[in-house]
Amino acid sequence: MTSTTGTACPHCGWPDRAEPYRVVSRHPTAHGHTTWVRCACGSLQARLTDGRGTRVVSRSCPTRG
Ligand SMILES: [Zn+2]
């Protein structure tokens, strides 16, 4: 099974550690911020950044058309 919190986009292989393809929006949280990112394949990611780093907490399917 492919985890939604792996190390790369399961749709196009874009590394989660790489710079976001496109930042959609950014929202402050109690300990950092959440960044919504559009991947190269069109998938929308939610990245949570806190004192321990950044991780992808949610990932949608690519939208086409
Ligand atoms: Zn992707």
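A residue counts as buried when its relative accessible area is under 20%, as exposed when that area is over 50%, and as partly exposed in between. In this predicted model, threonine 49 is buried because its relative accessible area is 17%. Of the 65 residues of the chain, 23% fall in the buried class.

The secondary structure comprises zero helices and four strands. Along the sequence the pattern reads β-β-β-β. The four strands form an open sheet in the order E1-E2-E3-E4, and their pairing is antiparallel. Strand E1 (22–28) and strand E4 (53–59) are the edges, each pairing on one side only. Neighbouring strands of the sheet are turned against each other by 25° on average, with direction ignored. Among contacts in the chain with a separation of 6 or more, 26% come from residues 24 or more positions apart.

Strand E2 (residues 33–38) runs antiparallel to strand E3 (residues 44–50), and six bridges join the two. Threonine 34 has leucine 48 of E3 as its bridge partner. Valine 37 is partnered by glutamine 45, also in E3. The hairpin of E2 and E3 has five residues between its strands. Within this hairpin, glycine 42 takes a positive phi near 100°.

Strands E3 and E4 are likewise antiparallel, paired over six bridges. They form a hairpin with two residues between them. Glutamine 45 has arginine 59 of E4 as its bridge partner. Alanine 46 stands opposite serine 58 in E4.

With residues up to four places away in sequence left out, glutamine 45 touches Cys9, Asp16, Thr35, Trp36, Val37, Cys39, Val56, Ser58 and Arg59.

Beyond residues up to four places away in sequence, threonine 49 touches His31, Gly32, His33 and Thr54. With threonine 54 the link is a polar contact between side chains, at 2.9 Å. Threonine 29 is 20 residues from threonine 49 along the chain, and the C-alpha atoms of the two are separated by 8.9 Å.

The structure holds one aromatic pair. The ring centres of tryptophan 14 and tyrosine 21 are 5.5 Å apart and the planes stand at 80°, so the arrangement is edge-to-face. An angle over 60 degrees is what that class requires.

A disulfide requires two cysteine sulfur atoms within 2.5 Å. By this rule the model contains zero disulfides. Cysteine 61 is in no disulfide, and the nearest cysteine sulfur, that of cysteine 41, is 9.4 Å away. The surroundings of these two cysteines fall in opposite classes. Cysteine 41 has a relative accessible area of 16% and is therefore buried. Cysteine 61 has a relative accessible area of 56%, so this residue is exposed.

Key: Residues are numbered from 1 along each chain as its sequence is written. This is a predicted model: local features need pLDDT of at least 70, side-chain atom pairs count only at pLDDT 80 or more; totals for chains, interfaces and linings use all residues. Side-chain values use heavy atoms; hydrogens and water are left out. Two strands pair if DSSP finds at least two bridges between them. Axes are lines fitted to C-alpha atoms, for helices over the stretch in contact, and angles run from 0 to 180 degrees between N-to-C directions. Rings of Phe, Tyr and Trp (its six-membered ring) pair if their centres lie within 6.5 Å; planes under 30 degrees apart count as stacked, over 60 as edge-to-face and the rest as tilted. Contact means heavy atoms within 4.5 Å. Buried means under 20% relative accessible area, exposed over 50%, partly exposed in between (1.4 Å probe, protein chains only). A polar contact is a pair of N or O atoms within 3.5 Å; within protein, one must be able to donate a hydrogen and the other to accept it, and residues adjacent in sequence count only if both atoms are side-chain atoms.
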